[in-house]
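Visitor: Hi, I'd like to go through this one with you. Could you show it to me?
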Amino acid sequence: MFQRFMNPTIVYMRRIQSGLEEARMAALEHESAAEHHAALATMYRERTRRLQAEMAVVNEELAGRTNARPADEPQTLADVVSDAESAAAQVHRITPRVTKREEAALGPNPQSLLPQGAAG
């Protein structure tokens, strides 16, 4: 009976089997992570293209405004600031996050996620 637990060959085989199982699980986890990172890389490439396109539109708009001004008329600081503000307003589309206190004041939202800790 104890031969089954104390036999070095059987103990070694169990170690090999557990190592094999760990290696298979690690390979599976790394393959999943690789898929995730490949998807992130694709997303960031698309984001880069989109931001470059928006940047080109803003640059063309700014270039069109400076070309529309007569050559003898100097560009004032107010013109530069208004051009930069309009360009920033056009590109910036990110809204600030709502704090938990403001979110609580707004009331429950059925489309929102459960608050942290409420899921379990």
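Guide: Happy to. This is a predicted model, and a helix here is a DSSP run of H or I with at least four residues, numbered from the N terminus. The pLDDT gives the predictor's confidence in each residue, from 0 to 100.

Visitor: Thanks! Where is confidence lowest and where is it highest in the chain?
Guide: Helix H3, residues 77-91, has the lowest confidence, with a mean of 56, while H2 has the highest, at 90.

Visitor: What should I keep in mind where pLDDT is low?
Guide: Predicted coordinates should not be read in detail there.

Visitor: And what does the chain average?
Guide: The average pLDDT is 75, and 56% of the residues score at least 70.

Visitor: How much of the chain is buried?
Guide: Of its 120 residues, 3% are buried.

Visitor: Switching to the surface, which residues form a nonpolar patch?
Guide: Tyr12, Met13 and Ile16 do, and together they have about 310 Å² of accessible area.

Visitor: Where is Ile16 found?
Guide: Ile16 lies in helix H2, which covers residues 8-68.

Visitor: Why does Ile16 count as partly exposed?
Guide: Because its relative accessibility is 38%, which falls between the 20% and 50% cut-offs.

Notes
Residues are numbered from 1 along each chain as its sequence is written. This is a predicted model: local features need pLDDT of at least 70, side-chain atom pairs count only at pLDDT 80 or more; totals for chains, interfaces and linings use all residues. Side-chain values use heavy atoms; hydrogens and water are left out. Patches are made of residues with over 30% relative accessible area and no salt bridge: like charges are joined within 9 Å, nonpolar side chains (Val, Leu, Ile, Met, Phe, Trp, Tyr) within 5 Å. Accessible areas come from the Shrake-Rupley method with a 1.4 Å probe; for residues, only the protein chains shown count as cover. A salt bridge is a side-chain nitrogen of Lys or Arg within 4 Å of a carboxyl oxygen of Asp or Glu. Helices (H or I, at least four residues) and strands (E, at least two) are DSSP runs, numbered from the N terminus. Buried means under 20% relative accessible area, exposed over 50%, partly exposed in between (1.4 Å probe, protein chains only).
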